[in-house]
Amino acid sequence: MDILGHLNYWVVVFLMMTGFYVVIASGNLVKKVVGLNLFQASVFILYISMGVVTGGEPPILRDGTDVYSNPLPHVLILTAIVVGVATTALGLALAIRIKEAYGSLEEDEIHLKETEGLNDTSNHSGESAGGIDG
Amino acid sequence: MIDEQLSVLAVVAPLLAAPLCVLMPRARWSWLLALVASVACFAISVRLFVLVQSDGMIVTPLGGWAAPWGIEYRVDPVNSLVMLIVSGISSVCLLSARLSINKEIDSSRQPLFYTAWLLCLSGLIGMTVTGDAFNLFVFLEISSLSSYVLIAMGRDRRALTASFQYLVMGTIGATFIIIGVGFLYLATGSLNMADIAVRLPDTIATRTMESALAFLTVGMGLKIAMFPLHLWLPNAYAYAPSVVSAFIAATATKVALYALIRFLFTIFGYQFSFVEMPLSAILAVLAVAAVLVASTVAIFERDIKRMLAYSSVAQIGYMLLGIAIASQAGVTASIAHIFNHALMKGALFLALACVVYQIGSVMRDDLTGLSRRMPWTFGAFTIASLSLIGMPLTAGFTSKWLLVQAALAAGWWMIALLVLIGSLLAVVYIWRVIEIMIRPPAENAPRQEAPLSLLAPAWILALANIYFGIFTGINIGSAKAAAIWLLGGVS
């Protein structure tokens with residue numbers, strides 16, 4: 001297999017796994033959002049690099065060029081970038097609300113406070129640690 | 001003329017009403033506008049459903065750009081049914097939303113709540129009508145982002161962490177879906193679903209297509225809450241505002257399931273998904289595991305909203321099992337169960353909205369004597385519960401019966417047995433709740449029936465469970481037509 005010829009895919013895979021790892025391994029909610037962002041960004045690169053046509057010019061109408069790179073994936077990824085920005089914004093906004101409500105952004109501390117809430121009568125509904133998602 | 005544009009109108013009506021909701025000076029007007037937009041969407045869905053039943057598929061190219069260059073909306077027997085249920089449930093839930101939301105959300109934030117609701121509705125409808133794979137991803141994100149907001153508006157602070165967890169898992173799922181769509185585009189050069197399906201056979205046996213199928217199945221699996229990717233679901237349903245639980249539980253996972261059906265059968269085709277790839281075996285194992293594990297967990301759950309959430313995971317197992325059987329009978333059962341489950345879970349969560357409104361708690365121990373304290377709420381809850389268990393003469397029975405028949409016809413008698421065991425587990429967890437509700441209440445417990453505007457929506461859905469259990473023309477009949485449409489020659 002031509003390893004260098006697939007360089008873009010290696011970059012994508014590396015970025016994607018890094019982002020994925022941060023999402024899973026990090027206990028800090030802001031870091032999780034950043035990891036998620038990295039994860040999405042790797043897919044943007046996948047799309048952008050797939051638009052390349054060998055020997056193609058940038059897709060601008062000019063005299064003397066017949067072969068253009070495919071602009072469609074670039075347009076698609078503009079939409080995906082917008083979606084990614086919205087997701088990041090919402091994730092960070094939620095992180096701020098969580099910080100206000102729990103006084104922490106660390107997953108284990110939040111989890112501890114949730115399980116404490118079990119004995120707290122002001123919190124009306126039940127077990128958060130129950131079930132198989134505990 | 002207008003009939004051809006209806007599918008676009010169904011998406012645009014809630015999308016346009018959404019920003020208007022924010023501008024309304026009073027929360028009550030936002031509610032009214034949201035209700036009007038949702039009912040309009042439902043009316044359009046009914047009209048489209050009737051048109052599709054009589055004339056077949058309706059194709060609308062957006063902006064006059066013919067496919068595969070432009071995006072087109074396709075309404076066929078499969079998605080017209082899903083559209084009907086999504087817009088119908090949204091309208092019924094909005095009916096009870098005003099009182100329930102008044103109690104659970106500050107009036108200053110209510111207009112934003114209805115905006116998010118309408119965005120979610122238009123995203124879900126968009127996902128069902130679109131015939132373009134990338135457009136489906138965009139609508140998926142519209143509906144997901146707004147449902148994270150809806151869930152985060154719950155009273156309990158755990159709603160925030162539940163929403164965050166859903167956001168992380170939902171985004172990973174959605175990203176997997178664009179990777180899958182990207183691979184499809186890479187191999188076929190098209191994003192139009194019908195066009196991809198035509199071009200796919202040339203490249204079908206490549207690693208690219210195999211990984212596209214894997215990414216799309218796992219991505220959709222996250223949105224569907226396919227076991228074991230369901231971890232976001234219990235908390236999200238339990239801590240969301242009551243009507244949001246009803247709306248999301250009845251629609252969001254169903255639309256994602258529809259999208260999976262669309263990818264597996266319309267785009268990849270039966271041959272590739274189920275004969276060349278071992279998807280049948282994988283889905284069947286996961287589905288049965290979902291039924292057994294989630295039902296067992298539900299038995300020990302003290303919070304009834306969480307119990308119903310686990311029950312949803314189990315019910316999704318039944319729908320996936322229908323897909324795994326991949327016969328016409330199996331897919332019929334699956335689509336019929338999408339319809340029926342929306343009715344029963346909608347009714348159950350709306351009955352719980354009455355309970356939350358009057359009692360303020362959904363812990364099992366706080367509901368002692370509910371049958372005397374809130375007899376009408378108890379009635380609606382019981383009817384929907386019977387449907388969930390699968391009693392004859394209720395909607396839940398019809399689709400489970402079809403599923404067992406389909407499993408037996410495919411020679412999967414072991415699976416059929418496990419479906420029955422799953423139903424028995426449902427009897428156990430439902431009975432543990434009903435048993436507490438019919439105990440005599442404490443001496444001083446007042447009779448405190450919920451107001452009519454909360455009871456009526458719950459009863460509408462509860463009666464629908466009985467109606468569709470007896471007259472199965474709409475749910476089973478059109479599910480059968482949809483399965484024939486999807487599977488074509490395969491029997």
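The structure is a predicted model, in which local features need pLDDT of at least 70 and side-chain atom pairs count only at pLDDT 80 or more, while totals for chains, interfaces and linings use all residues. Residues are numbered from 1 along each chain as its sequence is written, chains are lettered from A in the order in which they are written, and side-chain values use heavy atoms, with hydrogens and water left out.

**The interface of chain A and chain B**

- The contact, meaning heavy atoms within 4.5 Å, takes 43 residues from chain A and 46 residues from chain B.
- Chain A and chain B bury about 4100 Å² between them, 70% of it on carbon and sulfur atoms; this buried area is the accessible area (1.4 Å probe) that two parts lose on being put together, summed over both.
- Helix 1 (7–25), helix 2 (29–50), helix 3 (72–102) and helix 4 (107–116) of chain A each supply at least two residues of the side that touches chain B, and helix 3 gives the most, with 15 residues. Helices here are DSSP runs (H or I, at least four residues), numbered from the N terminus.

**Helix 10 of chain B**

- Helix 10 (residues 242–276) of chain B spans only 44 Å between its end C-alpha atoms, whereas a straight helix of 35 residues would span 51 Å at 1.5 Å a residue, the expected span being 1.5 Å times one less than the number of residues.
- Helix 10 of chain B bends by about 115° at B:Gly269, where the bend is the angle between axes fitted to the seven residues ending there and the seven starting there.
- Because 30 of its 35 residues are buried, helix 10 of chain B is largely enclosed by the rest of the structure; buried means under 20% relative accessible area (1.4 Å probe, protein chains only).

- B:Ser242 lies in helix 10 of chain B and counts as buried, at 2% relative accessibility.
- Leaving aside residues up to four places away in sequence, B:Ser242 touches B:Ser100, B:Glu104, B:Lys305, B:Phe349, B:Ala353 and B:Val356.
- B:Tyr239, found in helix 9 (residues 233–239) of chain B, is buried with a relative accessible area of 3%.

Conventions: Buried < 20%, exposed > 50% of the residue type's maximum accessible area, 1.4 Å probe, protein only.
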